[in-house]
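Biologist: Hi! I'm new to this one, could you walk me through it?
Modeller: Happy to, let's bring it up on the screen.

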Amino acid sequence: MALDKPYLDVPGTTIFDADQSRKGYWLNQFCMSLMKAENRARFKADEDAYLAEWPMTDEQKAAVRARDLNWAMRTGGNIYFLSKLGATDGLSFQQMAGSMTGMTEQQYRDMMIAGGRSPEGNRVVGETGNAQGAASQSDAWKAWEEKAQKELAAQVEQAQAATKNKADGRARITASVYSSHVPAIGAAIDHGKTEEPYWQPLFKGYDFSKQWMKDNTPDVIFLVYNDHATSFDLGVIPTFAIGTAAEFEPADEGYGPRPVPVVKGHPELASHIAQSVIQQDFDLTIVNDLKVDHGLTVPMNLMFGSPAAWPCKVIPFHVNVVQYPVPSGARCFALGQAIRRAIESYDQPLKVQIWGTGGMSHQLQGPRAGLINAEWDNRFLDRLIADPKDLSTMPHIDYVREAGSEGIELVMWLIARGAMSDVAGSGKAPKVAHRFFHVPASNTAVGHLILENQV
Ligand code: DHB
Ligand code: FE
């Protein structure tokens, strides 16, 4: 299913959704740059030179030069961003809005004084209201479209040929993977210490997993992790955030960026999931600019080793477990179910794994630092496998008391578990392909599970 867009037939109206945002990312970021006086001055002094600094499409640059806001919106612009361009030209919001209607400035102002445009006949395309015409176009846009028309015809032909060969089908979740994510594990890999006696037993626990990943490489991993005061500082604290960018660089957490490959995203699937999950009433923050920390890169190494490039795409999904209140286990479990519905309604035959990372018991702070509760951790694994719904009702305070303050990371595992088909009642209990537990890695008890969907 494509994104559900009931708003496409509202006349003369563009809703700024995840697809538009992705298309318009650099155009809108360019507009944001005009909020600085020095940038406005540079732009006004030499538009072409300033625009050359931005990785916008040629069409977006042409739309900016033509100051054609309808055209700019067609290429992904949003009015609140574009207003920075209008403001740079000294225009009011009324002048900007009016410029898109095909009316003169005076006509538009008169219409507003007379009570504004009526919704009558303007609710649905094909009625007889006064907003039913084509968008007004600058001459620059018309010329551009003529040229684009020819190119488009060629592209359509190519695309039709390509879809003929493509197998039909939907995305599906094949398995879920769970793993701790300690930074010291990353450091051991980066500094060639994996064979040392301290580390050897830990890495041995992932030998099976690396082979399993080779045999079961997905197209995309939906990777649930937490950012550790890396991309999100105290300025903005999203509870749930989905990475919709094409690439995510490894972050510098203070030791320099880890020497691991750039993570390639899947913007189309991520946008689809964002829209579907938000329409299922979960509030996600959409993040186009995200650097990924050890929470994501360490599990990638544990499962794939250290390849020159990661062998599949990854959609990073961040959960706030740093500043309370953090989301409840029950909410995470329900979110996992919503994510499953989103993924399995995507109309490309992709194999998707969902990973839950962080945990198990650890406390990194205060006189109680170093707390480990192996018995509780193993009980958590048992319950995660056999009765995750019941496990999801466990309150935060139990995690803190029993598994240490940072053991709260384990709520993220419930998102991955909620996305398995048995939870939706459409499959048997998952197969436990692998289970591993080891103490310690740095301050942490390391737990690891691979669960395969049985359909
Ligand atoms: C450690 C564990 C973590 O989960 C983390 O985010 C940072 C450090 C540790 O055990 O050292
Ligand atoms: Fe952590």
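Predicted model: local features only at pLDDT ≥ 70, side-chain atom pairs only at ≥ 80, totals over all residues.

Biologist: Okay, then is Asp 281 buried or exposed?
Modeller: Asp 281 is exposed, because its relative accessibility is 64%, and the cut-off for exposed is over 50%.

Biologist: Where does Asp 281 sit in the chain?
Modeller: You'll find Asp 281 in the loop between α14 (267-279) and β6 (285-287).

Biologist: And what is the phi of Asp 281?
Modeller: About 75 degrees, a positive value, although Asp 281 is not a glycine. As background, most residues other than glycine have a negative phi.

Biologist: Which loop holds Ser 442?
Modeller: Ser 442 is in the loop between β9 and β10 (444-454). Its phi is positive as well, near 55 degrees, and Ser 442 is a residue other than glycine.

Biologist: Why does Ser 442 count as partly exposed?
Modeller: Because its relative accessible area is 37%, which falls between the 20% and 50% cut-offs.

Biologist: Which strand is Pro 440 part of?
Modeller: Pro 440 belongs to strand β9, residues 428-441. With a relative accessibility of 35%, Pro 440 counts as partly exposed.

Biologist: How far is Pro 440 from Val 262 in space?
Modeller: The two C-alpha atoms are 29 Å apart, and in sequence Pro 440 and Val 262 are separated by 178 residues.

Biologist: What about Pro 325, what joins it to Tyr 324?
Modeller: A cis peptide bond, with omega at about 5 degrees. Pro 325 is located in the loop between β7 and α16 (329-343).

Biologist: You mentioned β7. How many of its residues are buried?
Modeller: In β7, 6 of the 7 residues are buried, so the strand is largely enclosed by the rest of the structure.

Biologist: Which way does β7 run against β2, parallel or antiparallel?
Modeller: Parallel: β2 and β7 (residues 313-319) pair over 6 bridges. To trace the pairing on screen, look for Val 220, whose bridge partner in β7 is Lys 313, and for Leu 223, which stands opposite Pro 316.

Biologist: And how does β3 pair with β7?
Modeller: Strand β3 (residues 240-243) and β7 run antiparallel, joined by 3 bridges. Ala 241 stands opposite His 318 there.

Biologist: Back to β2. How is β2 paired with β8?
Modeller: In the parallel sense, over 5 bridges, with β8 covering residues 351-357. On that side, the bridge partner of Val 220 is Val 352.

Biologist: Is β2 mostly covered or mostly open?
Modeller: Mostly covered: 6 of the 6 residues in β2 (residues 220-225) are buried. Val 220, Phe 222 and Val 224 point one way, while Ile 221, Leu 223 and Tyr 225 point the other way.

Biologist: New topic: what surrounds ligand 1?
Modeller: Quite a list, including His 181, His 228, His 294, His 362, Glu 409 and Asn 443.

Biologist: How far is the side chain of His 181 from an oxygen atom of ligand 1?
Modeller: A polar side-chain atom of His 181 lies 3.0 Å from that oxygen. For His 228, a side-chain N or O atom is 2.8 Å from an oxygen atom of the ligand, and for His 294 the distance to a ligand oxygen is 2.8 Å.

Biologist: Which element gives the most to the lining?
Modeller: That would be α10, with 5 residues.

Biologist: And how many lining residues are nonpolar, polar and charged?
Modeller: The lining of the largest pocket has 20 nonpolar, 18 polar and 7 charged residues.

Notes
Residues numbered from 1 in each chain as written. Chains lettered and ligands numbered in written order. Heavy atoms only, no water. Helix = DSSP H or I, 4+ residues; strand = E, 2+ residues; numbered from the N terminus. Nonpolar A, V, L, I, M, F, W, Y, C, P; charged D, E, K, R; others polar. Buried < 20%, exposed > 50% of the residue type's maximum accessible area, 1.4 Å probe, protein only. Pairing = 2+ DSSP bridges. Near = heavy atom within 4 Å. Polar contact = N/O pair within 3.5 Å; in protein donor to acceptor, adjacent residues only side chain to side chain.
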